[in-house]
Amino acid sequence: MMDTGYHILYETGLFGGIDEDDLQTMLTCLHTREAQYRKGELIFQEGDVIQEAGIVLSGRVHVVQDDFWGNRHIVSIVPEGNMFGEAYACLGNEKLRADVRAETDCRILFLNLQKAMHVCKNTCPFHQKLVKNILYCIAGKNLNLAAKIQHTSRRSIREKVLSYLSEESRKNGSSYFTVPFTRQQMADFLAVDRSALSKELSRMQQDGLIEFERNQFHLKLGK
């Protein structure tokens, strides 16, 4: 019987269409291992060459880049039930261009995706399905990255914020939603100065475009 904590794996696109019996065999085939990390701990470091991807069983992970002067940029957030490092793990020889850190205490399941890139000697019936699912996952990540580029490519801080908040509203299906960032993290994600972001949010509230308290937002049509 599969570990009850692993049922969250069915929320990942990687295991779509695979039943529980096959999943147990697959986890063995992919040489899975589990590890726990404390908040702020480094999971992967920029420059690492990896063959494993990670799935967040509990907690939340951030993919971050620091420039030469120490300015931090959040590339992506990886919530519970989502995967990170899959593109690098599939390539197997490309150095990571960002750090992966535990944003909260985390429980991570690592899978050796290099095993999925070659024909399994056991001729597992789900192998082809797994490869297809990996492609879907990578394609989905590319779409998320494209959405982020749309936010950060806007000229003004207000335009960046409106683009990001509009996307969050669409994802949540409501004009009321909670963003997964502190104010500093939101600034790092949008590549803007934190104090300038806070000032712009206050101006946007005064202009009747938004209401917010900490990381809870309500989008309005304006005055």
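This is a predicted model: local features need pLDDT of at least 70, side-chain atom pairs count only at pLDDT 80 or more; totals for chains, interfaces and linings use all residues.
Two strands pair if DSSP finds at least two bridges between them. Strands (E, at least two residues) and helices (H or I, at least four) are DSSP runs, numbered from the N terminus. By this rule β3 and β8 pair: six bridges join them, and the two run antiparallel.

Residues are numbered from 1 along each chain as its sequence is written, and side-chain values use heavy atoms, with hydrogens and water left out.

**Overall picture**

The protein has six helices and 11 strands. Its C-alpha atoms fill a box of roughly 65 × 40 × 30 Å along the principal axes. Of the 223 residues, 41% are buried. Buried means under 20% relative accessible area; exposed means over 50%, and partly exposed lies in between (1.4 Å probe, protein chains only). The accessible surface is about 12500 Å², and carbon and sulfur atoms hold 49% of that. Such areas come from the Shrake-Rupley method with a 1.4 Å probe; for residues, only the protein chains shown count as cover.

A contact means heavy atoms within 4.5 Å. Take the contacts between residues at least 6 apart in sequence: 68% of them join residues at least 24 apart.

**The sheets**

β3 and β8 belong to an open sheet of four strands. The order is β1-β8-β3-β6, with antiparallel pairing. β1 (33-37) and β6 (83-84) stand at the edges with a single partner strand each, so one side of each has no neighbour in the sheet. In a regular strand the side chains alternate between the two faces of the sheet.

| Strand pair | Bridges | Sense | A residue pair |
|---|---|---|---|
| β2 (42-44) and β7 (99-102) | two | antiparallel | phenylalanine 44 and valine 100 |
| β4 (61-66) and β7 | four | antiparallel | valine 64 and aspartate 99 |
| β9 (176-178) and β11 (216-219) | three | antiparallel | threonine 178 and glutamine 216 |
| β10 (210-213) and β11 | four | antiparallel | phenylalanine 212 and phenylalanine 217 |

β10 and β11 also form a hairpin, with two residues between them. Arginine 214 sits in the turn and has a positive phi of about 60°.

**The cores**

A nonpolar core is a set of buried Ala, Val, Leu, Ile, Met, Phe, Trp, Tyr and Cys residues joined through side-chain atoms within 4.5 Å. The largest has 23 residues. Leu9, Leu14, Phe15, Met26 and Leu111 have the most contacts inside it. At least two residues of this core come from each of α1 (20-29), β3 (52-58), α2 (86-91), β8 (106-112) and α3 (127-152). A second, separate core has 18 residues, including Phe189, Leu190, Leu201 and Ile210.

What does leucine 111 touch, not counting residues up to four places away in sequence? Its contacts are Leu14, Phe15, Leu27, Leu30, Thr32, Gln51, Glu52, Ala53 and Ile55.

**An enclosed helix**

Why is helix α5 (residues 183-190) largely enclosed by the rest of the structure? Seven of its eight residues are buried, so the rest of the structure largely encloses it. The buried ones are Arg183, Gln185, Met186, Ala187, Asp188, Phe189 and Leu190. Alanine 191 follows α5, and its phi is positive, near 60°.
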